[in-house]
Amino acid sequence: MSNGKEQAFISAVQERSHQLYRIAMGYLHSAQDAEDAVSDAIESAWKNLKRIRSTDAIPAYLIRCTINSAKTELRKKRHTEPLEPYQESLVARDPGNPISDYFSDLRERDQLLLILKYQENLREEEIASVLHVPRGTVSSRLSRLLDRLREEMKKEESGNA
Amino acid sequence: MPEQKLKNFLHQNMPEPPKDFDERVHLHLARLVTQEEPKMKRVPGFIIAFALILVIGMTTALAAFNEDVNQLLYRIWPQAAQALKPVNLSCESQGIRMEVVSATLNGSETLVTMTMQDLEGDRVDETMDLFDSAILQLPYDGSGTCMQTGYDPETKTASFAVYMKFDMDKWPAESDKVSFRVSRFLSNKKTQTVDLTPLIPGEITETVSMPVPAIRGWSGSPEAGRREAAKEKARQLMVLNTDNSLEIPVVDGVTLTGIGIIDGVLHVQIRYTDILHTDNHGFLTLSDKSGKKYEESSQKQEVGSVSWFGENYDSWEEYLYDEYPEDLSQIVLQGEFTTADPAVEGDWHVTFPLSVIREETERQSN
């Protein structure tokens, strides 16, 4: 493994750790579980560093590992989940906020897409790499989701008028 | 603009990590880079502690010994590596020696490197977990994290780095003393995947049930708005009768206690021994012989599992499948179980003046 790749990995983890945490929190809604998922993801990515084709691919690989770890953690967590309610959306609901209502009604994959684009500022090709879909699919999904949001906002405005 | 509104919503509602998250990431990276890096030799024992001491120039004899490690540590967390000060105090309890090798108090943050060595047996190993019991005692609220950084099988010594952050309302006095304490640890921790299929006795049939005892947890995938109803359903669930427990050992600390059908739903019951002193836990995967997987909880059933405490903090956990192979002889049931020996308890603590580990710059500024 080249030293450049190791350094790129360390830098990517240091630069992206908050991003990984936010993504894991979206699935797990528990700070401790999110940290565990991020730790597992970093470890998994480190062990597979040799297989990552280039240093540019490391950030997307880390995000993908985090999503996988969070989903695995979610599955394990089912057995010990305390008796308290949890939210189903990747972002906490903000009652009365039409954007929140729109977002919460989306499917998980679409919520993730919007988070990666508008919260984490990933480029479309990076998102495509994270989600394992062609770049064109990312563009068309984003376009469709924004169209739907525009419609929802128009409805909201006409309702308020 | 909808994009901007969406951005604002996400920025306002996505959670940020806790204050000491970065340090925990540093520790994790340090452990990975020093332990897992295939290019570097795995140096037995004291690896991080020695390396950190080297970094601050306490020892020069080992400089060539671990040049790579030093460089990596500097890259990962240079501030902490530079700030560590030697403590070298030890104590003994239950035939186990603890040594605080070095420590630093920098602002409201502390980093301690320490080792534990079993002088009598094999209770200290590479899987050792201080079970949230390692603490630097200062008169403030604090929280932290601990990570094993190395293990030397020759001397049965494990090394750790313990990071803590305190909410300080005032600076400690120059004359204050500080104690570092460990009260228990787990070892012989292992995760094993076990095929439970051959352990299933005879045919799976409709079976005797009982109301679930007071549950300590549950899982499920109810639709939005059905969460409370599903929780109530978990509380009212009928489970396999523990009086007819199968008592089939799976691995140390894990017992298959039942499998059967109640009202058309497949139930699998597992007992984890004394989870408060072992942290035993696990999860199951149900599939058929063609490899098709069946999720534990579907939208229809709403409750995927329930758990409750038995005697001596045994945890009974029952997994429910409302979809499973029609031909029950085709069932393949696998479990992934993490277990450990019962916690070793003792009183390991050393006390030293705060001035030994406090940053010079802070003393001057006070």
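Predicted model: local features only at pLDDT ≥ 70, side-chain atom pairs only at ≥ 80, totals over all residues.
Residues are numbered from 1 along each chain as its sequence is written, with chains lettered from A and ligands numbered from 1 in the order in which they are written.

Axes are lines fitted to C-alpha atoms, for helices over the stretch in contact, and angles run from 0 to 180 degrees between N-to-C directions. Helices (H or I, at least four residues) and strands (E, at least two) are DSSP runs, numbered from the N terminus. On α5(A) the contact is made by A:Leu114, A:Ile115, A:Tyr118 and A:Gln119, and on α1(B) by B:Glu3, B:Leu6, B:Lys7, B:Leu10 and B:His11; contact requires C-beta atoms, placed from the backbone, to lie within 7 Å. By class, five of these residues are nonpolar, two polar and two charged (Ala, Val, Leu, Ile, Met, Phe, Trp, Tyr, Cys and Pro are nonpolar, Asp, Glu, Lys and Arg charged, and the others, Gly among them, polar).

Chain B contains eight helices and 20 strands. Among its contacts between residues at least 6 apart in sequence, 71% join residues at least 24 apart.

One open sheet of chain B has four strands in the order β8-β19-β15-β16, with antiparallel pairing; two strands pair if DSSP finds at least two bridges between them. Strands β8 (190-195) and β16 (293-294) stand at the edges, each with a single partner strand, so one side of each has no neighbour in the sheet. Six bridges connect β8(B) with the antiparallel strand β19 (residues 331-339), and B:Lys190 lies opposite B:Thr339 of β19(B).

Another open sheet of chain B comprises three strands, ordered β4-β7-β20 and paired antiparallel. Its edges are β4 (135-137) and β20 (344-353), each with a single partner strand, so one side of each is left without a neighbour in the sheet. The twist averages 20 degrees from one strand to the next. Strand β7 (residues 177-185) is joined to β20(B) by eight bridges, the two running antiparallel, and B:Ser179 stands opposite B:Thr351 in β20(B).

Notes:
Contact = placed C-beta atoms within 7 Å.
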